[in-house]
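User: Please take a close look at one part of this model. I would like a connected account in plain terms.

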Amino acid sequence: MPHPSLSRDPADPFTERDHDNMDAFIGFVLDDFAAGEISRDKATCALQHVMGALVVGNTGEAKNWFEQGRKFIRAR
């Protein structure tokens, strides 16, 4: 959750919910790796996939991974 003193940039393509989903996704990846549920390679590939989507401006793909990425990673 953002610090209360920070205001949201109107140019940000993500909603507050998207940011919460992003935080949760990153936490899930780290937690699942730490617990041995996924390998380091799977964790790295998942994060790289989302970062790559963001680099090319594919916010829809990134949002989808923020919402469902844990399921995607475990299905591989």
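Setting aside neighbours within four places in sequence, Asp32 is in contact (heavy atoms within 4.5 Å) with Glu37, Ile38, Arg70 and Arg74. This model is predicted, so local features need pLDDT of at least 70 and side-chain atom pairs count only at pLDDT 80 or more, while totals for chains, interfaces and linings use all residues. Residues are numbered from 1 along each chain as its sequence is written, and side-chain values use heavy atoms, leaving out hydrogens and water.

Asp32 lies in helix α1. Helices here are DSSP runs of H or I with at least four residues, numbered from the N terminus. Asp32 has a relative accessible area of 5%, so it is buried. Buried means under 20% relative accessible area, with a 1.4 Å probe and protein chains only.

Asp18 also sits in α1, which covers residues 16–34. Its relative accessibility is 7%, so Asp18 counts as buried. Asp18 touches Pro13, Lys63 and Phe66, not counting residues up to four places away in sequence.

Now look at the helix pair. The axes of α1 and α3 (residues 59–75) come within 7 Å and cross at roughly 20 degrees. That makes α1 roughly parallel to α3. Axes are lines fitted to C-alpha atoms over the stretch in contact, and angles run from 0 to 180 degrees between N-to-C directions. Angles under 35 degrees count as roughly parallel.

Which residues meet? On α1 they include Asp18, Phe25 and Asp32; on α3, Lys63, Phe66 and Arg70 are among them.

Key. Helix = DSSP H or I, 4+ residues; strand = E, 2+ residues; numbered from the N terminus. Buried < 20%, exposed > 50% of the residue type's maximum accessible area, 1.4 Å probe, protein only. Parallel < 35°, antiparallel > 145°, perpendicular 65-115°, else oblique.
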